[in-house]
Amino acid sequence: MELLSGGDMLMRALADEGVECIFGYPGGAALHIYDALFRQKHIQHILVRHEQAATHAADAYSRSTGRTGVVLVTSGPGATNAITGIATAYMDSIPMVVISGQVPSDKIGEDAFQETDMVGISRPIVKHSFLVKDARDIPTIIKKAFYIASTGRPGPVVVDIPKDITSPATTFEYHFPDKVKLRSYTPAQRGHAGQIKKALQLLLQAKRPIIYAGGGVVQGNASAQLTELARRLNAPVTNTLMGLGAFPGTDKQFLGMLGMHGTVEANYAMHHSDVILAVGARFDDRVTNTPSKFCPSAKIIHIDIDPASISKTVAADIPIVGPVDAVLNEMLDLHKHAEEKQDQEALALWWQQINEWRDRYGLLVKPRYSMGDMIKPQEVISMLWEVTQGDAYVTSDVGQHQMFSALYYPFDKPRRWINSGGLGTMGFGLPAAMGVQYAFRDATVACVTGEGSIQMCIQELSTCTQYHLPVKIICLNNQALGMVKQWQDMQYNSRYSESLYEESLPDFVKLMDAYGHVGIRVTKREELRAKMEECFAMKDRTVFMDIYVDPTEHVYPMHIAPNGSMRDMWLNKTERT
Amino acid sequence: MRRIISVLMENEPGALSRVVGLFSQRGYNIESLTVAPTEDPTLSRMTLTTIGDDHKIEQITKHLNRLIDVVKLVDLTEDAHIERELMLIKVRASGAQRAEIKRCVDIFRGQIIDVTASVYTIQLTGTSEKLDAFYEAVGEASILEVVRSGVSGIARGEKVLGL
């Protein structure tokens, strides 16, 4: 058997696990690992400019490909810089393995240089973590880490490795296990047959059904099954922010996103439904508004891989714990032989009602913005959809531009919409776009951002140069923290406490030039389309579109809170439901 | 309502901190906590008492089960069970008090395990309520020091929490 050092074992184990690329940043405690990386040929490494970006890039690599993202950082500040990205992945259940260097075993606890208790600091935001104590354990720990990260409800796993463990001075026999088994971890493989049957029955009896699908459908690769079930039941479908693309966004059965900034038809349909089929969604507070007023006449079927998500905020009438694809497959099989017939008359009335709402309140029927001289952020997103033929990977930062993208860019495929939904991490967009572009070298990748968010990870423009990542940055520049300002308008009498940049913004066009990229400034509406087409025609360049939009624009619809129900919404600055 | 949750978990470094971390992170209370390895050295058994309504307890058990280190758990209070707590207590005992306290210890079926001219050290086991009652009976004025182990529990009858 081959003898390998700890560092070489780590690299070999990652290669044996099928890892193709790592996003990372070297440093003292990780140097043995980086030397092992240098001496191998299977795994590529992308050197970012800040560890937070490494985690976001690996996270988006995972979101777009379905594979587990891998991050490598050093101890101390390297590890703590990765924390925001780990928390982001944890909140959105993204499979990720983060390998952090640690000070040598005999120095742990001595406040050594660049020492931090990574396992302790990351504990509340990881699915699991390992501190490696013996180099011989590396292959098994790596196997376990990937198994835990990618199965059940996915999530990030931290593997903290003290420097002495990866030392080239000692070698060990290397053996990579084919399989690992953990007696304390057995994620459900299928749902309860009786519950699935009951659920289908309830759906067939429903007069006003609706399907509410979340990120679990995307993560669980169940879009095809969900779409098939929705078609067979002729049920309206709404997606959460995380679920966009799980059901085709341009389909007539699709009502748009639901929740705080959801469409009127989606929120109304939820509120007035009699049966809700929730799939891979978690009744988040940004969806439900006031839980006690949530959908008063609805019976709730809830399918989720994580039992802890079921009946957490809203009680489920028929809970089903299991992988969403397996459960939906079983439901589809049962449906083939179901004797019960749907009440077509009731269903027709339901659709009639929904279409009335659509005709009256639909986003595109009645734009939520007035057309003036200034460019409206909404029309930028609509144009982005047209110019990219609705087929781009769109990453987003956090704020108004994120909500505009979710509302005005219908995604027809899963894994195309990449955003930080749960944690709401500004700075996510650009490194995420890099991760996606690295995975799909020829794809169109657009990062929709604002002049606030982009500055939180703008250093990554340099990474784009080094690895030739031709992402397109669509910056909706309103010279303010738009979403903060919107809330200050609505709840704080327009007292703009620290939400304005005044004259302090950089010249983004010059900045792009400095990095060797292309910058395009757009201030006039009539120039927008031509410049956007020009931007996307530059297939091999990183391009930044600095688009000056109406700074007074708000995101609507918007839930009225506190104490509102799903149907209580602001439609624009003056009208409400 | 007070609940006693018994947890079988991997006897690994970090396992205890994950459980304790979960409670603080999600805002659950821990009233008492005991943990020690079992007859199988790879497993630890933890007993924790907490207070909450059914919804909260359901969330606690679900989140505990989600921890990779947790192998199995049971809410002992759902069924007939036995709970015990150990208390070591140092009381002032001089003059006529000595006989009085001795009688009290006998009534509660405790043992005096160390004696000086003016102090008794007493060992007492039982339910938490019994320990509270002894504390009351002796009177706060004469108590010098109290150590309680926290509750350990086990199901009555044939039911076993094992692999």
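How many helices and strands does chain B have? Before counting, I note that this is a predicted model, where local features need pLDDT of at least 70, side-chain atom pairs count only at pLDDT 80 or more, and totals for chains, interfaces and linings use all residues. Residues are numbered from 1 along each chain as its sequence is written, while chains are lettered from A and ligands numbered from 1 in the order in which they are written.

**Entry 1: chain B.** I found 4 helices and 9 strands in chain B. Helices here are DSSP runs of H or I with at least four residues, strands are runs of E with at least two, and both are numbered from the N terminus. Reading from the N terminus, I get the order β-α-β-β-α-β-β-α-β-β-α-β-β. I also looked up the C-alpha trace of chain B, and along its principal axes it spans about 55 × 35 × 30 Å.

Next I checked burial. Of the 163 residues in chain B, 26% are buried (20 or more other C-beta atoms within 10 Å of the residue's own, with C-beta atoms placed from the backbone).

Then contacts, meaning two residues whose C-beta atoms, placed from the backbone, lie within 7 Å. Taking the chain B contacts between residues at least 6 apart in sequence, 73% join residues at least 24 apart.

**Entry 2: where A meets B.** Chain A puts 12 residues into this contact and chain B puts in 15. I sorted the chain A side by class and got 7 nonpolar, 2 polar and 3 charged residues.

**Entry 3: two helices in chain A.** I looked at helix H1 (residues 6-16) and helix H6 (residues 138-150) of chain A, which pack at an angle of about 35° with their axes 9 Å apart. The axes are lines fitted to C-alpha atoms over the stretch in contact, and angles run from 0 to 180 degrees between N-to-C directions. H1(A) gives A:Gly6, A:Met9, A:Leu10, A:Ala13 and A:Leu14, and H6(A) gives A:Ile138, A:Pro139 and A:Ile142.

**Entry 4: domains of chain A.** An automatic or database domain assignment sets the bounds: domain 1 (3-173), domain 2 (193-361) and domain 3 (377-552). I noted 14 residues of domain 2 of chain A in contact with 13 of domain 3 of chain A.

Conventions:
Nonpolar A, V, L, I, M, F, W, Y, C, P; charged D, E, K, R; others polar. Buried ≥ 20, exposed ≤ 12 C-beta atoms within 10 Å, placed from the backbone.
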